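Good morning. I will go through the ligand site and then the cavities. Please have the structure open.

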Amino acid sequence: MIKDQLRNLIEEKTACIGVIGLGYVGLPLIVEFASKGFQGIGFEVDEKKADAINKGESYIVDVTSEDVKKCIDSGKMSATTDFSKLNKCDVIIICVPTPLRKTKDPDMSYILSAGEEITKYMRSGQLVILESTTYPGTTDEILKPMFEKAGFSLNDDFYLAFSPERVDPGNKQYQTHNIPKVVGGVGEDSTEIASLLYSKIVNEVHSVSSARVAEACKLWENTFRAINIGMANEMAKLCNTLGIDTWEVVRAAGTKPFGFMAFYPGPGLGGHCIPLDPHYLSWKARQHGFDSKFITLAEKINSSMPEYVVKLATDALNDEKKAVNGSKVLILGVAYKNDIDDMRESPALSVIDLFRAKGAEVVYHDPFVPEVTFDHAYTIGDGEPLFNQELTDDLIKSADCVVICTAHKTVDYSRTMELADVIVDTRNALDKDMRKRSKAKVVRL
Ligand code: SAJ
């Protein structure tokens, strides 16, 4: 029985754990297994990443090079681009990207190629787990048939499960070991053996009855965020219409100790999870004739925010008898959220592009982002790259309008308040005292 064999390997921590994809999910995971005594082999298509790991260097913010070096020097971890070594692994965990196509349909190409590589080198006695965020049914409908077509049978030759990644890059409080792990197998035995595996590296494992439940759980988590951010954005427009201070309202609502969770308006929805994950769910629902209205509505509201921000700036400039066309706009903070350098899906890209399309000259300051490039297929403005400008007094004074898109803590907002004429604050970065002391016209979401 392969179950007893795998159970012993896991209990004795002699199981060889293969992780496919050494990104912000895969690298912390394999380091956690290696640090707990398992043998880890990281599989990467990018030779530079594999070489860096083998040299004891980390390229992921949550994993120190020291941790990587410790695992490498102890002989408990190595990285390779040679996928034939999958044959040596008792457990294979897939942590590859699941982006959206331009048509907002799921791009399963990374999962498919990982599955094909596994199929090439598969042997009896392996446990395969998918961690990449995907639509309910992926594990059962894509991976299981791939392995069976190669002549392996579930429960006799392999076990198969899904366990959603819950990595929150940069979060110092919650790391791999103290984030509860949801695990759902294709069948009871797969759930049991996969849950046993994760129980060796995380404090809390929450087993569910199937891979589909685990896949749907992850999408519910992130769809919850996208929809509530959408509500916060609509509330900002509503409060604005009623002449009520949005931020004062949500801060007051946040004092409710139960039954409320504060979300805040912003210039739109960025990142590689929240804007994308709900579309995996709505896409699958559509295949079954179900129209998920909340997801569609949230997407509509969230993607309308860049335009709304540009309208606020246009109206503010107009009050100063200035046209956007020919104005100089300084964007403060372009990363998709505070105090990180990640530009993926950042709404600042749309804000910049819309200003350019209206004839404004746009410059930006973001201490985390040295350069901003644009996908010409998606720009209506000129799409030329921009480079981070030092936040000098002259730069602030030269701008007709300053737009705060991301409120990095290290930016000097009080100086901006003193020197700027018009400020659009989309992140409530300027507190009441600053606003009182300043001559600038301040418009807020
Ligand atoms: N945003 C708002 N208002 C809010 C919260 C976020 O406009 O109240 C915007 C952010 O500025 C950003 C986008 O939404 O542009 C996404 O922000 P996020 O806080 O959800 O951060 P992410 O994209 O890093 O989401 C990750 C997710 N983690 C995983 O999928 C494992 C998410 O589930 C986490 O809840 C989130 O981190 C977190 O809490 O930091």
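The ligand lies between domain 1 (2-209) and domain 2 (244-444), because both give residues to the shell around it. The domain bounds come from an automatic or database domain assignment.

Some ground rules. This is a predicted model, where local features need pLDDT of at least 70, side-chain atom pairs count only at pLDDT 80 or more, and totals for chains, interfaces and linings use all residues. Residues are numbered from 1 along each chain as its sequence is written, and side-chain values use heavy atoms, with hydrogens and water left out.

Now the shell. There are 17 residues around the ligand, and Lys-218, Asn-222, Arg-225, Tyr-264 and Tyr-336 come nearest. By class, the shell has eight nonpolar, two polar and seven charged residues. Here Ala, Val, Leu, Ile, Met, Phe, Trp, Tyr, Cys and Pro count as nonpolar, Asp, Glu, Lys and Arg as charged, and the others, Gly among them, as polar.

Next, polar contacts, meaning pairs of N or O atoms within 3.5 Å. Oxygen atoms of the ligand lie 2.9 Å from a polar side-chain atom of Asp-168, 2.8 Å from an N or O atom in the side chain of Lys-218, and 2.7 Å from a polar side-chain atom of Tyr-336. On its own the ligand has 740 Å² of accessible area, and the protein covers 85% of that; the method is Shrake-Rupley with a 1.4 Å probe.

Finally, the cavities. A cavity is a set of points, on a 1 Å grid over the protein atoms alone, where a 1.4 Å probe fits but cannot get out; lining residues have an atom within 4 Å of a point. Volume is the space filled by probe spheres set on the points, which are joined across faces, edges and corners. How many cavities of 30 Å³ or more are there? The count is two. The largest has a volume of about 110 Å³, and its lining includes Val-25, Glu-131 and Lys-181.

Methods. A residue is near a molecule or strand if one of its heavy atoms lies within 4 Å of it. A polar contact is a pair of N or O atoms within 3.5 Å; within protein, one must be able to donate a hydrogen and the other to accept it, and residues adjacent in sequence count only if both atoms are side-chain atoms. On a 1 Å grid over the protein atoms alone, a cavity is a set of points where a 1.4 Å probe fits but cannot get out, and a pocket is an open set with protein on both sides within 12 Å along at least five of seven lines; lining residues have an atom within 4 Å of a point.
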